[in-house]
Amino acid sequence: MAKAKGKIGVLLVNLGTPDSTKTGDVRKYLREFLMDGRVIDFPFIPRWMLVNLIIAPFRAPKSAGEYRKLWTDRGSPLLFHTQDLKDKLVAKLDPKEYLVSMAMRYQTPSIESGLKELMDAKVRKIIVVPLFPQYASATNGSVIDRVMEIARTWQIIPEMTFVSNYVDHPLFLEAWAELGREAMQKQDYDKFVFSYHGLPERQIRKGSVDGYCQLGACCNKYGLKNQFCYRAQCFQTTRLVAEKLGLPDDKVLTCFQSRLGKDPWVKPYTEDVIKELAKDGIKKVLVFSPAFVADCLETTVEVGEEYKEQFEELGGEHWDLVPSLNSSDTWVNCVKDLVESRA
Ligand SMILES: C=CC1=C(C)c2cc3[nH]c(cc4nc(cc5[nH]c(cc1n2)c(C)c5CCC(=O)O)C(CCC(=O)O)=C4C)c(C)c3C=C
Ligand SMILES: [Fe+2]
Ligand SMILES: [Fe+2]
């Protein structure tokens, strides 16, 4: 058979981050992000009022202060870790076969510019890799929406593949286990907390795609039969990483952070788990945050600083955060395999 003409385009997509720590740039980022109907899943008018009259004006100055704690000479960690991941992936893939570009779902570099780079090079196929290991409508679903919105303007749409969740990929699990093993050399930890980004419970209930629940318990609790919801994927991630590290079940906890607003989000909340641990006299905790593949505001500041402070105020002694995958070799190899297995 004749060899297919053209390269395969790879688009890595992470969430997005403000262009700078100026309050105006943070407000712009929050507006774009939270006006996405898959993130705040209200009808347009109530969403517009909530975002533009309440969240963006009040949250932007506070968030800008938090971004200042996080910012480096290279800018936002979420952005530069994604750039490093891309550069290392490029070095590992055959340049005659693949062209890699990266984008952020919100702000810069945009999905539009990433796709343009691939389309200008006349790629024959595009593999989109959302950098969210557990599928959620608010993240992977939104990336798919945006890519297809742009593709709608093309005369010829090349073959396209979207990577969905990869919580059971052996290299994804090994990448976390390597970081865990290194951290575990420092202390004999009493408990291992896996804290994931939360979601409104409503979004879990809505996410009903028949077919493939592997765990059941939480999906059934939310009235979904035979589903494999975001929450279930988080529990599965914990179980598989803990198995790799040989952690006993009674030392491992899964919980959900970053609740915004008053609606119920998936439980247990990380803040409640912190209180329970302290009440039980637990002193040494190692924390993983495997919904994030790059360090960002939600890992470094929220888990690494704010939750640490809360735990220590309640009598805890060690609340140590495992760094994220960033551009570790094993993680780069995982992304390489996600791509090559779909080529
Ligand atoms: C309704 C609000 C939000 C939903 C739903 C949500 C889902 C969600 N988010 C991530 C990953 C990240 N979120 C980050 C920041 C962030 N998230 C929200 C709100 C929702 N997220 C806000 C308001 C913010 C901004 C920060 C703040 O003001 O507190 C980030 C960090 C970005 C950075 O620049 O460092 C990431 C990453 C996932 C994976 C997810 C659903 C599963
Ligand atoms: Fe978020
Ligand atoms: Fe579930």
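**View 1. Strands S5 and S6 pair in this predicted model****.** Strand S5 spans residues 191-197 and is joined to S6 by six bridges. The two strands run parallel. Across this pair, Tyr 196 stands opposite Phe 256 of S6. Strands of a sheet pair through backbone hydrogen bonds, in either a parallel or an antiparallel arrangement.

**View 2. Four strands form an open sheet****.** The strand order is S6-S5-S7-S8, and the pairing is parallel. Strand S6 (252-257) and strand S8 (318-321) stand at the edges. Each has a single partner strand, so one side of each lacks a neighbour in the sheet. From one strand to the next, the twist averages 25°.

**View 3. Helices H10 and H11 lie across strands of the sheet****.** Helix H10 covers residues 270-279 and lies across S5, S6 and strand S7 (284-288). H10 runs at about 140° to S6. Helix H11, residues 297-313, lies across S5, S6, S7 and S8. H11 runs at about 175° to S8.

**View 4. Helix H1 packs its buried residues against helix H2****.** H1 has twelve residues, 23-34. From its first C-alpha to its last it reaches 16 Å, close to the 16 Å expected at 1.5 Å a residue. Which residues of H1 are buried? They are Val 26, Arg 27, Tyr 29, Leu 30 and Phe 33. These residues lie on the same side of H1, because they cover an arc of only 160° around the axis. An α-helix has 3.6 residues a turn, so residues three or four places apart point the same way. The buried residues of H1 pack against helix H2, residues 44-70.

Key:
Residues numbered from 1 in each chain as written. Chains lettered and ligands numbered in written order. Predicted model: local features only at pLDDT ≥ 70, side-chain atom pairs only at ≥ 80, totals over all residues. Expected span 1.5 Å × (residues − 1). Buried ≥ 20, exposed ≤ 12 C-beta atoms within 10 Å, placed from the backbone. Arc of directions from axis to C-beta. Contact = placed C-beta atoms within 7 Å. Pairing = 2+ DSSP bridges. Axes fitted to C-alpha atoms, helices over the stretch in contact; angles between N-to-C directions.
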